[in-house]
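Please look over the model below alongside these notes. They are meant to be read with the structure open.

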Amino acid sequence: MAIDRAEAARIAALAKLELAEDELDAVAVQLSAVLEFVAQLDELGLEPGEATVLAPSGAPLRTDEPDGRTLAPGQATAGAPEAEDGFFLVPPVVENLEP
Amino acid sequence: MTATAPWQRSAREIATAVRAGRLAPAEVAEAGFAGPGARWEREVHAVLAADVSARAVAAAAAPRDRSLAGVPVLVKDNLCTVDHPTTCGSRILEGWRSPYDATVVRRLREAGAVLVGKGNMDEFAMGSSTEFSAYGPTRNPHDLTRVPGGSSGGPAAAVAYGLVPIALGSDTGGSVRQPAAFCGVYGLKPTYGRLSRYGLVAFGSSLDQVGVFARHVGDVAAVYEALAGPDPFDASSRCGAPPDVRDWTAGVRGLRFGWPENLWREGVDGAIVAALERAASSLERAGAIRVPFEFLPGRYAVATYYLLATAEASSNLARFDGVRYGLRHRAADLGELYSGTRGRGFGPEVRRRILLGTYALSSGYHDQYYGKASAARTRIAAEYRAAFGHGDFMLLPATPTLPFRLGEKTGDPLAMYLSDVFTLGANLAGIPGLSVPMGLEPGGLPVGVQLLGPADSEPVLLRAARAIEMDGEPARIASAEEREPAWPGSR
């Protein structure tokens with residue numbers, strides 16, 4: 001499966017990853033090479049519906065067990081680039097709130 | 001005993017001396033930096049952060065009656081620590097400090113160890129050479145023109161050249177075992193879930209496991225004993241008591257080890273093949289039985305691994321978006337803030353893997369790539385289970401080549417990925433693996449081999465490694481307690 005420049009741009013948009021224009025061609029070539037390599041999995045003749053989940057190995061699913069160790073809002077936001085009163089600051093998400 | 005300076009001693013010797021009051025933790029914590037660190041760290045660049053005052057505080061707080069009392073330890077920079085930044089080798093987390101310690105870091109401190117700094121790594125643990133660190137590469141202390149392996153290259157190199165006796169790394173596809181082999185030290189990747197991943201910045205959650213570097217088998221056992229066990233903060237941690245590794249000197253008499261020599265009939269360096277034969281002979285002299293058999297899971301493991309690991313990475317790294325951590329690209333629009341931050345903050349290999357993982361998970365391609373790789377993984381795991389019908393453990397290469405030169409593979413992602421061909425199967429199968437140093441080849445480069453066993457076979461792997469360690473000729477496999485650290489540039 002060859003990836004072209006337009007497909008590389010589409011994947012980058014999905015990944016929320018800004019790429020320089022001159023990087024798109026290189027990314028397309030590298031991803032195509034990797035996809036060509038992983039196509040060897042077709043040789044395995046995997047059956048549809050074949051198990052895709054490893055059997056639990058000593059770590060069965062369980063509910064969370066809170067023990068009181070939590071971060072205060074100020075601790076959680078201390079490493080953020082912009083925060084105020086225990087909240088993370090971001091640009092406006094919803095605009096024109098006036099009816 | 002020829003080694004006398006604190007930085008030359010094993011972790012267990014240091015702890016014994018500290019418990020007896022013959023050494024002070026502060027003295028030991030500084031010794032590695034004042035000795036080999038002062039001379040070689042500038043060239044090797046194993047350390048990303050090491051703060052004298054944080055070291056002094058940690059040494060003063062270290063309990064002096066515990067198993068690792070006063071033992072200096074370096075941890076890979078993707079393990080959260082309150083007293084040093086945690087950057088994962090990335091610009092996107094430059095200067096970021098975690099508000100909590102990873103569970104393994106907390107347990108190290110409780111065992112008396114002194115955290116002395118953070119080790120260099122490929123950005124977000126994606127790489128096999130430590131050349132993809134945003135803060136510059138680490139060099140192999142045995143030959144500064146060569147890579148130390150990766151992604152835990154900093155911790156491996158630091159142990160090899162004597163800065164610290166033990167270090168922690170993380171192993172998602174071989175990132176502890178491959179650098180251990182390249183640097184000539186032991187590197188243990190435990191059974192999936194035996195060491196808590198809480199506070200390990202996630203890369204591939206179904207594959208990641210914290211691992212241990214040391215210059216002596218007994219030190220690996222001591223660290224494993226201090227760290228292993230369930231953690232209520234890690235839902236993937238294995239329930240029940242971890243296997244008891246205190247009998248690491250018990251020997252291997254009567255144990256059977258698989259010998260899948262078809263794996264190295266071609267494409268493996270001759271020095272590694274010779275080291276495998278020496279290791280097998282050591283095991284046989286100690287009473288173990290060699291069982292040749294054919295084993296072929298490596299053929300599809302690389303493709304399977306790189307689809308699953310990148311898919312998981314694309315999901316895990318979505319959290320680095322300029323809102324909660326570190327770097328932010330200022331933009332009026334939230335979407336531009338996300339993509340601008342990520343485009344500028346992530347390096348080329350991380351961007352490449354996020355893109356591949358995003359593609360493998362995207363609508364229309366999920367079944368073709370992620371689904372197929374998941375099914376292939378279950379087959380590979382079954383093949384490993386069947387392989388251990390041939391023996392209690394198996395002996396195989398850790399890497400196909402000796403340490404390669406800086407820059408040799410950075411332009412060819414696939415060539416870099418293929419250097420993990422012998423290690424990533426253990427991550428896909430969730431089983432433990434131990435890289436065992438076999439001394440230096442005639443050109444002076446370290447050679448390593450690998451032991452793999454079924455889940456919870458850490459005690460057997462350590463016993464086998466000890467049998468090889470005990471049988472080592474000092475010049476070829478620096479043996480047990482008299483092992484000298486590597487001196488960079490000494491060749």
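Predicted model: local features only at pLDDT ≥ 70, side-chain atom pairs only at ≥ 80, totals over all residues.

1. Residues are numbered from 1 along each chain as its sequence is written, and chains are lettered from A and ligands numbered from 1 in the order in which they are written.

2. Chain A has three helices and two strands, in the order α-α-α-β-β from the N terminus. Helices (H or I, at least four residues) and strands (E, at least two) are DSSP runs, numbered from the N terminus.

3. The C-alpha trace of chain A spans about 55 × 45 × 35 Å along its principal axes. Of the 99 residues in chain A, 15% are buried (20 or more other C-beta atoms within 10 Å of the residue's own, C-beta atoms being placed from the backbone).

4. The contact takes 42 residues from chain A and 57 residues from chain B (C-beta atoms, placed from the backbone, within 7 Å). Helix 2 of chain A gives the most to the chain A side, with seven residues.

5. In chain B, five of the five residues of strand 4 (residues 166-170) are buried. B:Ile166, B:Leu168 and B:Ser170 point one way, and B:Ala167 and B:Gly169 the other way.

6. Strand 4 of chain B pairs (at least two DSSP bridges) in the parallel sense with strand 2 (residues 72-76) of chain B over three bridges, with B:Leu74 opposite B:Ala167. Five bridges join strand 4 of chain B to strand 6 (residues 210-214) of chain B, and these two run antiparallel; here B:Leu168 stands opposite B:Val212.

Notes. Buried ≥ 20, exposed ≤ 12 C-beta atoms within 10 Å, placed from the backbone. Contact = placed C-beta atoms within 7 Å.
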